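Good morning, and thank you for coming. I shall take you through one structure, part by part, and ask you to keep the display in view.

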Amino acid sequence: MIYVTNPKTVITETRIALKNLGKINPESIDDYIFNGGYQAIAMALEMQPNAIIDEIEKSGLRGRGGAGFPTGSKNRFTSLSCDDCERFVICNADEGEPGTFKDRIIMENDPHLLIEGMLISAYAVGASIGYIYIRGEYDLSISLLQKAIHSAYSRGFLGKKIMKSNFSFDLELKIGAGSYLCGEELTLLESIEGKRGYPRIKPPFPAEKGLFGKPTLINNVETLSHFPAIITNGSEWYSNMGTEKTKGTKIFTLSGNVNNPGFCEVELGISLYSLIYDFGGGIKDGKSFKGALLGGAAGTFVDSSMLDAIMGYDKLKERGATLGSGAIIVFDEDQSVYDLLFSVLRFFQHESCGKCIPCRIGTTQILMLMEKLKNEHNKKDILAEILYESEMMAKTSLCPLGQSPVLPIRSAIMYFENELIKNNQ
Ligand SMILES: Cc1cc2nc3c(=O)[nH]c(=O)nc-3n(C[C@H](O)[C@H](O)[C@H](O)COP(=O)(O)O)c2cc1C
Ligand code: SF4
């Protein structure tokens, strides 16, 4: 397929998680309230908790943290996991995936939206304590959230008997120490409990046995930021957006060799081409598009044959690619796929926690093979060995980090095998 670049075209954004961006002062709770803020929790408190979960389920919302798990089902599991027991809700704001900076944009521009989303989810599942686990490097998000939590307490949106109801909810920030693995939900629980960031064995899932052994609902920042709009406008409104199986909007973060790197929130179902050319303004310096890494380091490489791909969890999966966190890292004709793949694999080696042998040794061995690929002649065999190692890691590693390198490796080979074989010969 031949694509014509038209840097003048623009895309139409549909903003839900970013609806207040540029419209309110993130430090002002009054601005948030003036723009309709905290009306959704007021509506939710008039509903039965189950009815809220029904709405979230019917909306078709899926987790925006990367895995795309149906959010309503997770709420349901957590609410049904025990009768009358203590439960927790946690917002995953660790945002460690390379190329991803969407949660930061939400937190820096609309911290009360996230707090309201957490309030609704906590009321729905019967939790009275919540935590936002946030990446330690996000200084501005941290200070804005601290301020927002403080003002929400002072206005009666947090604390005891919220808005004169019987619902009470306390919210606290927990600041991470900079480990990618601590964004993985079970490792995150260990970290909040004050332990070393090692993953737990799954099952049990957090909905059943999470923080301090209690049922726990863990959702991403962007996921929770959709809750207020779903309650205010209804599940039907939400499910009318997106594709058949991937509803609503998504924030995409575009970086690399594009004219206009940045972020946009659009209905799912947009094409990769439109994101790169209509939003991103095409490839920098008049060069041609060579490929992109979709979904961050734990994502998949694609080439120009995938420019017509539809951005949705299932649509991309059908074509062997991933949506992940919505990161799109674009590279032009002059970039070396070997170098890109090497840096992705070095990232995994650096972030491997070392708890299990397949990943601890495997990530290092793969890097050694990558060095061999550069310097030796039997490149086809070395590439096959790299793929084999990553497949073994995927089968035998303890947690999803060790299962991730196979995705970029397999896709890089699928689209760029010739280049990887020819590299430096
Ligand atoms: C190594 C690793 C890192 C992760 N990092 C994050 C992260 O920074 N933020 C996030 O929301 N989810 C992250 N996840 C996914 C979480 O485990 C979990 O699926 C997510 O927080 C659930 O929220 P959601 O259903 O709203 O997407 C990570 C997963 C893995 C395996
Ligand atoms: S797969 Fe890697 S990150 Fe996960 S437990 Fe094993 S060593 Fe740690």
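**Domains, sheet and ligand shell**

The domain assignment divides the chain into domain 1 (29-239), domain 2 (249-332) and domain 3 (337-422); such bounds come from an automatic or database domain assignment. Please note that this is a predicted model, in which local features need pLDDT of at least 70 and side-chain atom pairs count only at pLDDT 80 or more, while totals for chains, interfaces and linings use all residues. Residues are numbered from 1 along each chain as its sequence is written, and chains are lettered from A and ligands numbered from 1 in the order in which they are written.

Let me turn to the sheet. Its 4 strands form an open sheet in the order β3-β2-β1-β4, with parallel pairing. Strands here are DSSP runs of E with at least two residues, helices are runs of H or I with at least four residues, and both are numbered from the N terminus. Two strands pair if DSSP finds at least two bridges between them. In general, strands of a sheet pair through backbone hydrogen bonds, either parallel or antiparallel.

Which strands stand at the edges? They are β3 (170-175) and β4 (216-220); each has a single partner strand, so one side of each is left without a neighbour in the sheet. From one strand to the next, the twist averages 20°; axes are lines fitted to C-alpha atoms, for helices over the stretch in contact, and angles run from 0 to 180 degrees between N-to-C directions.

Consider β2 next. Strand β2 (residues 129-134) pairs with β3 in the parallel sense over 6 bridges. Along this pair, Gly-130 stands opposite Leu-171 in β3, and Ile-134 stands opposite Ile-175. Helix α7 (residues 139-154) packs on the sheet, touching β2 and β3, and its direction makes about 165° with that of β3. Strand β2 is also joined to β1 by 6 bridges, the two running parallel, and there Cys-91 stands opposite Ile-132 in β2.

How much of β2 is buried? The count is 5 of its 6 residues, where buried means that 20 or more other C-beta atoms, placed from the backbone, lie within 10 Å of the residue's own.

Helix α8 (residues 185-192) is mostly covered as well, with 7 of its 8 residues buried. Among them are Leu-186, Leu-188, Leu-189 and Ile-192. What covers these buried residues includes β1 (88-93), β2, β3 and β4. After α8 comes Gly-194, whose phi is positive, near 90°.

We now move to the other domains. The centres of domain 2 and domain 3, taken over C-alpha atoms, are 23 Å apart. In all, 11 residues of domain 2 are in contact with 11 residues of domain 3, contact meaning C-beta atoms, placed from the backbone, within 7 Å. On the domain 2 side, β8 gives the most, with 4 residues.

Finally, the ligand. Of the 14 residues around ligand 2, Cys-353, Cys-356, Cys-359, Cys-399 and Gly-402 come nearest; a residue is near if its C-beta atom, placed from the backbone, lies within 6 Å of the molecule. The elements that give two or more residues to this shell are α15 (357-375) and α17 (400-403).

Terms used:
Two residues are in contact if their C-beta atoms, placed from the backbone, lie within 7 Å. A residue is buried if 20 or more other C-beta atoms lie within 10 Å of its own, exposed if 12 or fewer, and partly exposed in between; C-beta atoms are placed from the backbone.
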